Amino acid sequence: MKQLVAIICVISAFFSCSSKQNSCGQAFIGGEIINPNNDYLVLYDDSSPIDTLYLDENNRFSHKIESLNSGLHSFIHGGEYQVVVIEPNDSIMIRLNTLDFDESLVFSGKGSKKNNFLIDLFVKLEKEDKYMYEFSKLPPIEFQEKIDSLKKGKVKNLKKFTEKYPSSNLFSKVANASINYSYFTHKELYPFRYYGNNNLINRKNLPKDFYNYRKHIDYNDQDLKDFYPYYNFLFPHINNLALDKYFEKTKDTVFNVNSIHYNLNKLELMDSLVYSDAIKNNLLKYATRNFLSHSNSINECEEMYQSYINKSTSKEDSNYITSLFETSKRLQPGNRLPDVEIINSKNETININAIIEKPTVVYFWSNASKYHFKNSHKKVKALKREFPDIDFVSVNINANNASVWKRILKQNKFSVEGEYRFRNPHFAKKQLAINYIRKVLVIDKNSKIISSNSDLFDSEFKYILNKLK
């Protein structure tokens, strides 16, 4: 998945001055966005917005940060995220093309070298990700040798960079963490890919030194508490750790990722291994959100929800999960599809239930998930031929204007027929519990929900559609 949030390659402490003051100097950020998705971007300090920066007639922007606070700086444009390493007295210029956001991104000016290195590292790691599924078909020892070789190459490049451009110890830590946690993540994912759900119990046959790096894992690294690759590792790592108790308790031989026992065990591990509130609360929130977003059992959702509430210390996160749980109950099969407003290609606002005249599949897409956008439309094209009596409705979830929305469809040679966008994306995503882009709603001709957590690419999806005939 090519999401820009994955570009997060710096942490909040990276911006700190030697003093303990909350602010420590001035900085400038500006640049140009080619093929913008709208006419503005929002600049953030940590998770708090600093300002809305509007593009001029040449699609350029600029902003002077009068008092640079220690913390993570980022901007959001058209649903895509970018993080920028900013230190006192930096003057950073950004140039990017939204059609190929990450690979087109270039920094210039004072403070650009570290940003360019980290983005280049991310792009290289992301390209390798595409081959990891194939590498994961290799026997364990061959797989281990393969990724160890790739890792050594990245470490060697980092060493050359720091020798040429002396950097802080923290930069070295962040860059090394980007490399290490990327490959650690693939090792954690390996048994799921190599053995598959049917034979995952055989992971005990892995080489004894396969997970040696686990001895040095810090589950409470405050420097990395806002670092995406750190979390990207912790989730599959804890998933792996939860397997032993799962197989022991259920006596299953085939792994069921949606098992309530397995998911409750993950929350227990998060609660016992992690004492940092910031890290623990994030892990708990996303693990619970994932379960609630995929489960069709309201009783199991209730059990998962109660376990989460007993462990989380974040009032804000708890309110969010409570809202999601209540929404999940409203989206149970047999209930009417909530009323949300969508806009068609003629710029007309319509209640989504008004377009449902026969069994309907509603699927979603985002600018930030270009592969899913293309693949889902291609999948639906094939399904339309196989199920001509079912309507397929596509909804864009971004806050795009009409011209950008149509441009994206046209560039990919997709018709605007059956295409819509939310009038109020924030409200609609909350009402429909859209927390992952592959979510699909299956509705009968009376706007009653058949399934609220389906997946176009799931092997069972056609079974659901066949029942609608």
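In this predicted model, Leu283 touches Tyr231, Leu234, Phe235, Ile238, Met270 and Val274, leaving aside residues up to four places away in sequence. Leu283 also belongs to the largest nonpolar core, which has 81 residues. Along with Phe117, Tyr181, Phe364, Val395, Phe422 and Leu432, Leu283 is one of the residues that touch the most other members of this core. Helix α4, residues 169–199, supplies the largest share of the core, with 10 residues. Another core lies apart from it and has 21 residues, including Leu53, Phe61, Leu96 and Ile119. In soluble globular proteins, nonpolar side chains tend to be buried together.

The sheet comes next. Four strands make up an open sheet with mixed pairing, in the order β4-β1-β7-β8. β4 and β8 are at the edges with a single partner strand each, so one side of each has no neighbour in the sheet. On average, neighbouring strands of the sheet are turned by 15 degrees against each other, direction ignored.

| Strand | Residues |
|---|---|
| β1 | residues 27–34 |
| β4 | residues 60–65 |
| β7 | residues 91–97 |
| β8 | residues 106–110 |

Strands β1 and β4 run antiparallel and are joined by six bridges. Phe28 has Lys64 in β4 as its bridge partner.

Helix α2, residues 112–135, lies across β7 and β8. The helix runs at about 160 degrees to β8.

Technical notes. Residues are numbered from 1 along each chain as its sequence is written. This is a predicted model: local features need pLDDT of at least 70, side-chain atom pairs count only at pLDDT 80 or more; totals for chains, interfaces and linings use all residues. Side-chain values use heavy atoms; hydrogens and water are left out. A nonpolar core is a set of buried Ala, Val, Leu, Ile, Met, Phe, Trp, Tyr and Cys residues joined through side-chain atoms within 4.5 Å. Buried means under 20% relative accessible area, exposed over 50%, partly exposed in between (1.4 Å probe, protein chains only). Helices (H or I, at least four residues) and strands (E, at least two) are DSSP runs, numbered from the N terminus. Contact means heavy atoms within 4.5 Å. Two strands pair if DSSP finds at least two bridges between them. Axes are lines fitted to C-alpha atoms, for helices over the stretch in contact, and angles run from 0 to 180 degrees between N-to-C directions.
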